[in-house]
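Let's take a walk through this protein together, one stop at a time.

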Amino acid sequence: MDDDQIARLLTSGLSAREVARQTGANRRRVARVRSERGIPTYTPPEPEHGTDARFQRGCRCTLCRAAHSRKNWALRPPPAARPAAAEAFPEEKSRALADLHAQDQRRTREAATRYYHAWTEDELAIALDYAHSATHAAALLGRTRSAVLHARIRYGGTGEASGPTPHRRNQP
Ligand SMILES: [Zn+2]
């Protein structure tokens with residue numbers, strides 16, 4: 001193991017720790033080679049937009065906020081015990097849910113004022129905030145429930161945060 005080899009690995013973008021691990025050289029020697037040859041210090045790559053990691057680094061773009069919101073949602077405490085009947089008859093439960101969703105869709109459609117408008121950043125921030133149900137976000141935005149669900153699928157990952165996504169989609 002010579003210094004040239006250490007320098008090559010450092011130049012290729014590895015951290016001092018990783019170079020030390022791969023070569024068996026100690027950290028002090030790796031650091032010496034770096035400073036002797038003027039190789040810039042390792043900077044870890046920024047996490048991608050649309051990740052909670054990037055949100056934690058301070059990015060508040062729509063995608064990062066959505067990722068953060070999804071993560072919080074995933075970590076939320078389990079819901080309080082549901083009615084036993086609903087557990088015992090999952091088919092009825094999902095039919096009841098589908099009915100509710102259809103009702104919500106009708107209601108949001110009647111109230112919708114923003115048909116076929118392109119999404120703005122501000123609107124997306126609300127639509128992709130998983131603290132809101134799709135129906136609530138739709139009401140806030142003057143959009144239909146299904147428009148919000150589509151936005152969530154297109155820009156934010158999963159559709160309905162509070163239950164299984166219905167197989168049949170109501171348009172628009
Ligand atoms: Zn971002």
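**Starting from an arginine**

Once you skip the neighbours within four places in sequence, R145 is in contact with D104, Q105, T108, A134, T135 and A138. One thing to say before going on: what you're looking at is a predicted model. R145 itself is found in helix α10. Is R145 buried or exposed? R145 is buried, because 26 other C-beta atoms lie within 10 Å, and the cut-off for that label is 20 or more.

S133 is twelve residues apart from R145 along the chain, and the two C-alpha atoms are separated by 9.2 Å. Now try H101: along the chain H101 and R145 are 44 residues apart, yet 8.5 Å is what separates their C-alpha atoms. You'll find H101 in helix α7, which covers residues 90-111. With 21 C-beta neighbours inside 10 Å, H101 counts as buried too.

**Zooming out**

The protein has ten helices and zero strands, so if you read along the sequence the pattern is α-α-α-α-α-α-α-α-α-α. There are 172 residues in the protein, and 26% of them count as buried. What share of the contacts with a separation of 6 or more comes from residues 24 or more positions apart? That share is 49%.

**Where α9 meets α10**

Back to the helix that holds R145. General point first: two packed helices are described by the angle between their axes and the distance between the axes. For α9 and α10, the angle is about 110° and the axes are 8 Å apart. That makes α9 roughly perpendicular to α10, since angles of 65 to 115 degrees get that description. On the α9 side, the residues that meet the partner helix are A134, T135, A137 and A138; on the α10 side they are R145, A147, V148, L149 and R152. Sort the residues of this contact by class and you get six nonpolar, one polar and two charged.

While you're on α9 (residues 134-141), have a look at A139, which is found there. A139 counts as partly exposed because it has 18 C-beta neighbours inside 10 Å, and a residue needs 20 or more to be called buried. Which residues does A139 contact, leaving aside those within four places in sequence? They are T108 and A111. A139 and R107 are 32 residues apart in sequence, and their C-alpha atoms are 8.9 Å apart in space.

**Two nonpolar cores**

Next, colour the nonpolar residues. The largest nonpolar core has 17 residues, and the ones that touch the most other members are A127, A137, A138, V148 and A151. Helices α5 (62-74), α8 (121-127), α9 and α10 (145-156) each supply at least two residues of this core. Take A151 as an example: beyond its neighbours within four places in sequence, A151 is in contact with W119, L124, A127, L128 and G156.

**Around α1**

Helix α1 (residues 3-11) and helix α2 (residues 16-23) have axes that come within 10 Å and cross at roughly 140°. Why are they called oblique rather than roughly antiparallel? The latter needs an angle over 145 degrees, and α1 and α2 are therefore oblique to each other. Their crossing is right-handed. Q5, I6, L9 and L10 in α1 meet V19, Q22 and T23 in α2. By class, the residues of this contact are four nonpolar, three polar and no charged.

Helix α1 also has a crossing with helix α3 (residues 27-36): here the axes come within 10 Å at roughly 75°. So α1 and α3 are roughly perpendicular to each other. From α1, the residues that make the contact are D3, I6, A7 and L10, and from α3 they are V30, V33 and R34. The contact of α1 with α3 has five nonpolar, no polar and two charged residues.

Definitions and conventions: Residues numbered from 1 in each chain as written. Predicted model: local features only at pLDDT ≥ 70, side-chain atom pairs only at ≥ 80, totals over all residues. Helix = DSSP H or I, 4+ residues; strand = E, 2+ residues; numbered from the N terminus. Buried ≥ 20, exposed ≤ 12 C-beta atoms within 10 Å, placed from the backbone. Contact = placed C-beta atoms within 7 Å. Axes fitted to C-alpha atoms, helices over the stretch in contact; angles between N-to-C directions. Parallel < 35°, antiparallel > 145°, perpendicular 65-115°, else oblique. Left-handed = near helix turned anticlockwise from the far one by under 90°. Nonpolar A, V, L, I, M, F, W, Y, C, P; charged D, E, K, R; others polar. Core = buried A, V, L, I, M, F, W, Y, C linked by C-beta atoms within 7 Å.
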